[in-house]
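Hi everyone, thanks for having me.

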Amino acid sequence: NNSGLNEQLEAWKVEQLYTASKVIILEDDIISDCTTKDERFVAHNSMINNNNNLLYGGVDVSFPESEDEQAIATYVIINPSKDEIVYRDHLYFDLKIPYV
């Protein structure tokens with residue numbers, strides 16, 4: 001049903017724009033300058049340095065090259081203060097809607 005697909009795509013676009021507005025990207029050559037001048041980064045770095053239990057998680061989906069293959073979602077949690085992967089898992093699944 002194209003109507004349902006279009007509604008889902010629109011909902012994803014709204015969520016993607018909202019999520020993207022919250023992302024902070026730092027380039028390696030400007031990190032030290034930013035982290036000393038921007039209060040968000042100073043607070044963030046202080047939190048990392050003072051909290052060895054602070055964890056970050058992320059998920060990514062790899063889409064199949066052909067319709068007869070499954071997609072794979074991978075989930076990882078890291079502890080940056082210990083430079084280690086705390087948890088990782090993956091799941092193969094069939095896509096119900098096309099990759100966009």
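Let me start with a question: does aspartate 68 count as buried or exposed? It counts as exposed, because its relative accessibility is 70%, and the cut-off for exposed is over 50%. As for where to find it, look in the loop between strand E1, residues 56-62, and strand E2, residues 71-79.

Okay, let's step back. What you're looking at is a predicted model, and the chain has 3 helices and 3 strands. If you read along the sequence, the pattern goes α-α-α-β-β-β. Of the 100 residues in the chain, buried ones make up 10%.

How confident is the prediction? The average pLDDT over the chain is 75, and 65% of the residues score at least 70. Strand E3, residues 84-93, has the highest confidence, with a mean of 92. At the other end is helix H2, residues 31-37, where confidence is lowest, at a mean of 51.

Now back to the strands. Let's pick out tyrosine 75, which sits in strand E2. With a relative accessible area of 36%, tyrosine 75 is partly exposed.

Moving along, which loop holds aspartate 83? That's the loop between E2 and E3. Here's something to look out for: most residues other than glycine have a negative phi. Aspartate 83 is not a glycine, and yet its phi is positive, about 50°. This aspartate 83 also counts as exposed, because its relative accessibility is 73%.

Last stop: isoleucine 85, in strand E3. Its relative accessible area is 47%, so isoleucine 85 is partly exposed. Now compare sequence and space for a moment. How far apart are isoleucine 85 and tyrosine 56? Along the sequence they are 29 residues apart, while in space they are 9.7 Å apart, C-alpha to C-alpha.

Key
Residues are numbered from 1 along each chain as its sequence is written. This is a predicted model: local features need pLDDT of at least 70, side-chain atom pairs count only at pLDDT 80 or more; totals for chains, interfaces and linings use all residues. Side-chain values use heavy atoms; hydrogens and water are left out. Helices (H or I, at least four residues) and strands (E, at least two) are DSSP runs, numbered from the N terminus. Buried means under 20% relative accessible area, exposed over 50%, partly exposed in between (1.4 Å probe, protein chains only). pLDDT is the predictor's confidence in each residue, from 0 to 100.
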